[in-house]
Amino acid sequence: MKKFLVIGNPIEHSLSPKLHNYWIKSNNLKAIYDKKKLDLSELENLIKEVKEKKIDGINVTVPFKNSVIPFLDKLSNEAQKTQSVNTIYLRDGMVIGHNTDIEGFELAIKHTNYDIDGKKVFILGAGGVSPSIILALNNMSVKKIFISNRTHSKAENLKKNFNKIEIIKWGTMPDFDMIINATSLGLKNDENIILDYSKISSEKFFYDVIYNPSETNFLKSAKKNGNKIENGKKMFIYQAQASFKIWNNLEPKVDDRVMELLN
Ligand code: ATR
């Protein structure tokens with residue numbers, strides 16, 4: 001029986017077990033996927049269990065995607081470039097940290113019917129998920145990436161690794177085609193991002209990394225003004241699919257049932 005885990009703090013609301021266990025069952029695998037709430041001080045011992053083959057794979061979520069790095073033997077290029085790990089596995093006796101959020105975002109955009117090639121993209125937020133989104137956008141050859149963060153210094157730190165991005169003062173807007181909410185604003189239903197929607201024309205694409213609630217106020221306002229919108233559900237599903245593929249050596253299906261599973 002293989003054993004997989006998602007770790008984070010908090011972790012109660014994670015939908016990863018539901019999704020992975022569905023794929024485990026539909027592929028007739030002998031495995032179980034659980035969730036575990038951890039403290040930072042427990043990370044090292046848990047990673048040891050991967051080395052000892054007691055755990056076959058770990059997904060890492062907020063707030064450990066970066067803090068887990070010192071306990072790993074090796075990082076993939078993607079994890080290295082973003083300093084963010086969401087998938088852990090053992091290969092040739094080494095505990096490897098990888099980042100499938102990048103692939104998750106890329107596949108999500110490919111499956112939303114939006115031609116992103118040559119577009120100007122405005123990212124709100126310079127937190128944990130932003131480097132993955134920037135890397136994915138670079139892979140998809142967008143024309144320009146703007147970024148804005150309440151705490152300006154964090155945007156500047158990102159620019160050190162991704163020198164082509166342009167920093168925009170929090171509360172102001174550049175000329176963009178697509179806008180991405182990569183902040184945690186909207187997780188609570190009453191939260192709003194202060195944007196002057198009257199100044200944004202209707203043909204823009206609004207993307208929110210948040211998928212629960214399925215329509216944040218950011219997406220609701222955009223939709224009301226006639227814009228195209230998309231939440232983070234597909235990104236979540238495709239990052240999970242990429243992890244599953246690494247651990248089980250098979251690609252689980254993303255079909256309507258999977259989409260409904262997370263409603
Ligand atoms: P962190 O990066 O702090 O570990 P995160 O969940 O990865 O946490 O990122 C949270 C993001 O949401 C950050 O961009 C954060 O902005 P700050 O860097 O200024 O904290 C943003 N965020 C959270 N609450 C916010 C708020 N009330 N207003 C504006 N931005 C907010």
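The report that follows goes through sheets, helices and charged pairs in turn.

## Before we start

This is a predicted model, in which local features need pLDDT of at least 70 and side-chain atom pairs count only at pLDDT 80 or more, while totals for chains, interfaces and linings use all residues. Residues are numbered from 1 along each chain as its sequence is written, and side-chain values use heavy atoms, with hydrogens and water left out.

Helices (H or I, at least four residues) and strands (E, at least two) are DSSP runs, numbered from the N terminus. Two strands pair if DSSP finds at least two bridges between them.

## A six-stranded sheet

Let's begin with an open sheet of six strands, whose order is β2-β1-β3-β5-β6-β4 and whose pairing is mixed. Its edges are β2 (31–37) and β4 (74–75), each of which pairs on one side only. Helix α1 (residues 16–26) packs on this sheet and touches β1 (2–8), β2 and β3 (57–60), where touching, or contact, means heavy atoms within 4.5 Å. The direction of α1 makes about 175 degrees with that of β2; such angles run from 0 to 180 degrees between N-to-C directions, with axes fitted to C-alpha atoms, for helices over the stretch in contact. Helix α8 (residues 233–248) lies across β1, β2, β3, β5 and β6, and runs at about 15 degrees to β5.

Strands β5 (residues 87–91) and β6 (residues 94–98) run antiparallel and are joined by five bridges. Tyr89 is placed opposite Ile96 in β6. Also in β6 is His98. Is His98 buried or exposed? His98 counts as buried because its relative accessible area is 11%, and buried means under 20%, exposed over 50% and partly exposed in between (1.4 Å probe, protein chains only). Beyond its neighbours within four places in sequence, the contacts of His98 include Ser76, Glu78, Tyr89 and Ile246.

Which strands does β11 run parallel to? One is β10, joined to β11 by four bridges, with Phe205 as the bridge partner of Met178. Another is β12, which pairs with β11 in the parallel sense over three bridges; there, Phe206 stands opposite Ile229.

## Helix α7

Together, β11, α7 and β12 make a right-handed β-α-β unit. Right-handed means that, with the strands pointing away from the viewer, the path from the first strand over the helix to the second runs clockwise.

Helix α7 covers residues 217–224, and its buried residues are Asn217, Phe218, Leu219, Ser221 and Ala222. After α7 comes Gly226, with a positive phi near 90 degrees.

## Charged pairs

Side chains of opposite charge can pair when their charged atoms come close. The whole structure holds 11 salt bridges, a salt bridge being a side-chain nitrogen of Lys or Arg within 4 Å of a carboxyl oxygen of Asp or Glu. In one of them, Asp73 and Lys51 meet at 2.7 Å, N to O. This pair links distant parts of the chain, 22 residues apart: Asp73 is in the loop between β3 and β4, and Lys51 is in helix α2. Lys51 counts as partly exposed because its relative accessibility is 42%, and Asp73 does so at 38%. Apart from its neighbours within four places in sequence, Lys51 contacts Asp73, Leu90, Gly93 and Val95.

Another salt bridge joins Lys144 and Glu166, at 3.0 Å from N to O. Lys144 lies in strand β8 (residues 144–148) and Glu166 in strand β9 (residues 166–167), so this pair ties together parts that are 22 residues apart in sequence. Lys144 is partly exposed, at 26%, and Glu166 is partly exposed, at 35%.

Finally, Lys54 forms a salt bridge with Glu52, with the closest N and O atoms 3.0 Å apart. Lys54 counts as exposed at 52% relative accessibility, whereas Glu52 is partly exposed at 46%.
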